[in-house]
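I opened a new notebook page for this structure. My plan is to look up a few places and write down what I find.

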Amino acid sequence: MKLLTPTKLGSIQVSNRIVMAPMTRSRADVAGVVSELTVRYYAQRASAGLIITEATNVSPEAVGYPMTPGIWSAEHVDAWKRVTSAVHAAGGTIVMQLWHTGRVGHSEVRGGRTPVAPSAIGIQGQQHFTPSGLKDYEVPRALTTEEVRATVDDFEQGAKNAKAAGFDGVELHSAFGYLPHQFLVDSANERTDAYGGSVENRARFVLDVMARLVRVWGDGRVGIRLSPTLAYNGMVDSDPLATFAHLIEQLNALPLAYLHLMRATPDAARFPTWPQDTIATFGPMFRGQLIVNGGFDRDSAEAALVTGPAHAVSFGAPFIANPDLVHRFATGAALAQGDRGSFYHGGEKGYVDYPALPDSEPKAARGYWLVLATVVDPVQFGKYAAVAGPVIASYGGRVLARGDVAQVVEGQVPRRPYFIEFPSYVVARACFDSAAYQDAIALRAGAAQFDIVVVEGMAP
Ligand SMILES: Cc1cc2nc3c(=O)[nH]c(=O)nc-3n(C[C@H](O)[C@H](O)[C@H](O)COP(=O)(O)O)c2cc1C
């Protein structure tokens, strides 16, 4: 199954193409600090190729919902450090979704301050969740040009803090009608300065932010989420094709990790002039790695990877009740259904109490290329790993971590599991830069139906 094969999203090596989509769970404290429950929640889901955290506010001004986390204070950084350490210790990778809600907020959850937005245009026909119940949206206050620039700075600081907290990268939440999206669409942006008017001007905020995030993170570690054909939160652009084609073209100039694209919901059908197949329309415009999202199951996700243009698929709701979603997809096991009543609030219940299937441990290393000759001693490990890692990676492989189980499925080696417990990793004891060795790996790597390839007995 292609879903279970490793790949690289920019510079981020992932062990499979099953991404955990960002999901607000509203379990932070009133100061936006996540707790040990959140550490457990993400660690339980570390077998995902990549975890994208719940949307996380970059500043106090960014907050729009109660109990959502932040990444602007030292306390936030320390709390998130515990999350990233736990996910990494469990063999996973994790990026932080950076958030500013803009006009999708309410003064009641903002200490009495009116929400801010590109223009003073309120959301019609929807209500907002507040501690005292659903409330009509207020008319937001339009940001001054100086405040727009300060908001770009806030995103940069959020990116720096996420780096300090040990994440593998960041994703800009530029979807679902939040602040970056509000700048993009002309139903929410009537500015007359450099951030409004033409398509070029409306894209400026997102591109300014993305350039700063890349400046902080370097190549291949910044992603962006877009939902070009989602009308939710009043995102009704007069020409989404022109707006998002321009944006994606500009994004191509940046060394990004990925584009995370939301496929059309039935919403799009209300707008006959909009592209109806979001992924087929916008996906091929992006020249990097593409993650797609929206109502996929195992089979439709696999089909999306096989037919393209997607390189990975993200799953939201299925990860809530199935912490071992990867294992369930690998084995074809049934999925548990989550309790919607505890999606957005509560403590442990509906958060960390969904069990993994009993046979999901220890984690099988399916989808890895394993090059194994012998277990090297810890002193030699660093040397071998440094040489072997890039060679293995160039064939889509990954050096196994301690605790992985490698089920050998090919070659002369008897079919038996290797339990990798010493020292930290296993690498081939061989001459990794010899052409013969590389050919041997390439030969086996070509037989892509195998999960694991063993290369043995090739002495330096
Ligand atoms: C409880 C919940 C919270 C969500 N919070 C976020 C969020 O913080 N950021 C975001 O970009 N999308 C958020 N989403 C949307 C999901 O990332 C995803 O796009 C959506 O669930 C559709 O994917 P699915 O069909 O696999 O569930 C949330 C979805 C759910 C169910």
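Leaving aside neighbours within four places in sequence, which residues is A79 in contact with? I looked them up and found V33 and V34. I noted that the model I am reading is predicted.

**Entry: A79**

I placed A79 in helix α2, which covers residues 74-89.

**Entry: two helices**

Two packed helices are described by the angle between their axes and the distance between the axes. I looked up both values for α5 (residues 199-217) and α6 (residues 240-251). The angle is about 40°, and the axes are 10 Å apart. I wrote down the crossing of α5 past α6 as right-handed. On the α5 side, the contact is made by V199, E200, R202, A203, V206, L207 and M210. On the α6 side, I listed A242, T243, H246, L247, Q250 and L251. I sorted the residues of this contact into 8 nonpolar, 3 polar and 2 charged.

**Entry: the ligand**

How many residues surround the ligand? I found 21, and the closest are A21, P22, A55, G316 and A317. I then looked up which elements supply the shell around the ligand. Strand β4 (50-57) and helix α9 (317-321) each supply at least two residues. The shell divides into 12 nonpolar, 7 polar and 2 charged residues.

How values were computed. Residues are numbered from 1 along each chain as its sequence is written. This is a predicted model: local features need pLDDT of at least 70, side-chain atom pairs count only at pLDDT 80 or more; totals for chains, interfaces and linings use all residues. Axes are lines fitted to C-alpha atoms, for helices over the stretch in contact, and angles run from 0 to 180 degrees between N-to-C directions. Helices (H or I, at least four residues) and strands (E, at least two) are DSSP runs, numbered from the N terminus. A crossing is left-handed if the near helix is turned anticlockwise from the far one by less than a right angle, and right-handed if clockwise. Two residues are in contact if their C-beta atoms, placed from the backbone, lie within 7 Å. Ala, Val, Leu, Ile, Met, Phe, Trp, Tyr, Cys and Pro count as nonpolar, Asp, Glu, Lys and Arg as charged, and the others, Gly among them, as polar. A residue is near a molecule or strand if its C-beta atom, placed from the backbone, lies within 6 Å of it.
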